Amino acid sequence: MVQSCAEASPAKWHLAHTAWFFESFLLREFLPGYRVFHPDFAWLFNSYYQSFAAFPEKRLRASFSRPALSEILAFRAYVDAGIERLLETNPDPEALRRIELGVNHEEQHQELILTDILHAFFTNPLRPAYKPEAPEQKFTVNSAPAEPMEFVRIDGGLHEIGHFGSGFCFDNELARHRVWLESFDVANRLVTCGEFAEFIADGGYRRPELWLSDGWDAMQASGWHAPLFWSGETDAWRIFTLAGEMELARVKDAPVSHVSFYEAEAYARWAGCRLPTEFEWEVAARHQPVVGNLLENGSLRPLPQADSVQNQCEANHSAANCCAVENARRPLHVYGDCWQWTASAYLPYPGFRPLEGSLGEYNGKFMSGKMVLRGGSCCTPACHIRASYRNFFAPETRWQFSGIRLATGQSSAEETAS
Ligand SMILES: [Fe+2]
């Protein structure tokens, strides 16, 4: 039942809401004779679909002491049985499309359950570990140093952006369209905790010249002086993870996480770089294999990246062209660990068409005041992420696994001169 901040939701609510999705958008419409589990659940577990039903205020979801967990689990079992009956009826293709959407929706909420638990456990004075490390892990996975940050040149030109092919995608990944990019350089890995600690030690949170105006105001108003889940002082930072609290020295080579867009942007300026646009990110990622520290890894926290991508790539892909980014000497670490803030506002692509009916509210209505994140995190299933996937959050958001990839770009004039 715990809801430790307004953005998060209790695990019990996530369980009920994902069942609600299947009942509301599948069973009521496509299963003849279906009777809803409970008439109040249609609005009680509605998240934000205004055209479907009313819904309670999000920040008060922790007050749902009733219905009890046992009733929520019964609701899920009831809906599961309904979906199985529906699948036996040779359902309409639209019903199958919505089942696929419902599965992807549930995967998103499974990731949110973990991020919400992390925040809840951080605010618990006992700071419990959700998944304590096995003793042997403490001396293996954490000892790998970060590989040197290198920048990979990506050639400019006219590039196709957006989903293509017959696989599933969300409506916000379409329409595929062309974008002109100048040549740019993108970092081969994410910024680490140790590197971010240097930014803090250099007065990063006290130097207005590094910050966007809105970011400076947000930082001042919220009292940020380090990423979320960092506590202690400079030189003695402790970082809370789903595996418990760790000293900076143990995780200094792991990607920094739980920074807002504003902190990512300020760090990039401090480092003499910038954040990539979502289009640059997609072009850099599109030939890369979906490997990395994703949910299946089981770590549930960002890890040092030394050679892990190279090793997984060689193990999973024999063809040399699986890593065929132009001019790349080795694969980029593009997936997993942390969603990566981009410099791009979350906007509709040319030709974007929201889904029909209430499901049109799934993505499209949030295309204002949000920034795009790419790449998935240590809590994202590998089957859920792809190069065209667009996550989005308000720029001050910090409770997600959100990290920093750097980019630089040379002007055409500089290239010509060189
Ligand atoms: Fe949802």
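The model is predicted, and local features are taken at pLDDT of at least 70, side-chain atom pairs count only at pLDDT 80 or more, and totals for chains, interfaces and linings use all residues. Residues are numbered from 1 along each chain as its sequence is written.

To begin with the overall picture, the secondary structure comes to 11 helices and 14 strands. Helices (H or I, at least four residues) and strands (E, at least two) are DSSP runs, numbered from the N terminus. Of the 418 residues in the chain, 41% are buried. A residue is called buried if 20 or more other C-beta atoms lie within 10 Å of its own, exposed if 12 or fewer, and partly exposed in between, with C-beta atoms placed from the backbone. Among contacts between residues at least 6 apart in sequence, 80% join residues at least 24 apart. Here two residues are in contact if their C-beta atoms, placed from the backbone, lie within 7 Å.

Helix packing comes next. Two packed helices are described by the angle between their axes and the distance between the axes. The axes are lines fitted to C-alpha atoms, for helices over the stretch in contact, and angles run from 0 to 180 degrees between N-to-C directions. Helix H1 (residues 11-30) and helix H4 (residues 93-123) have axes that come within 9 Å and cross at roughly 170°. This makes H1 roughly antiparallel to H4. Angles under 35 degrees count as roughly parallel, over 145 as roughly antiparallel, 65 to 115 as roughly perpendicular and the rest as oblique. On the H1 side the contact includes Phe 21, Phe 22, Phe 25 and Leu 26, and on the H4 side the residues include His 105, Glu 106, His 109 and Leu 112. The residues of this contact between H1 and H4 divide into 11 nonpolar, six polar and two charged. In this grouping, Ala, Val, Leu, Ile, Met, Phe, Trp, Tyr, Cys and Pro count as nonpolar, Asp, Glu, Lys and Arg as charged, and the others, Gly among them, as polar.

Asp 214, Gly 215, Ala 218 and Met 219 in H6 meet Tyr 262, Glu 265 and Ala 266 in H8. The contact of H6 with H8 is made up of four nonpolar, one polar and two charged residues.

The sheets can be followed in turn. Strands of a sheet pair through backbone hydrogen bonds, either parallel or antiparallel. Two strands are taken to pair if DSSP finds at least two bridges between them. Strand S6 (residues 238-241) pairs with S7 in the antiparallel sense over four bridges, and Thr 241 has Gly 244 in S7 as its bridge partner.

Another open sheet holds four strands in the order S12-S11-S10-S13, with mixed pairing. Strand S12 (391-393) and strand S13 (402-403) stand at its edges, each with a single partner strand, so one side of each has no neighbour in the sheet. Strand S10 (residues 339-345) pairs with S13 in the parallel sense over two bridges, and Gln 340 stands opposite Gly 403 in S13. Helix H9 (residues 278-285) lies across S10 and strand S11 (371-374), running at about 130° to S10.

Finally, a few backbone details deserve a look. Most residues other than glycine have a negative phi, and most peptide bonds are trans. A cis peptide bond joins Arg 66 and Pro 67, with omega about 0°, and Pro 67 lies in the loop between helix H2 (41-44) and helix H3 (69-87). Another cis peptide bond joins Leu 174 and Ala 175, with omega about 5°. Arg 127, which is not a glycine, has a positive phi of about 45° and lies in the loop between H4 and strand S1 (151-154). Leu 300 also has a positive phi, near 60°, and is buried, with 20 other C-beta atoms within 10 Å.
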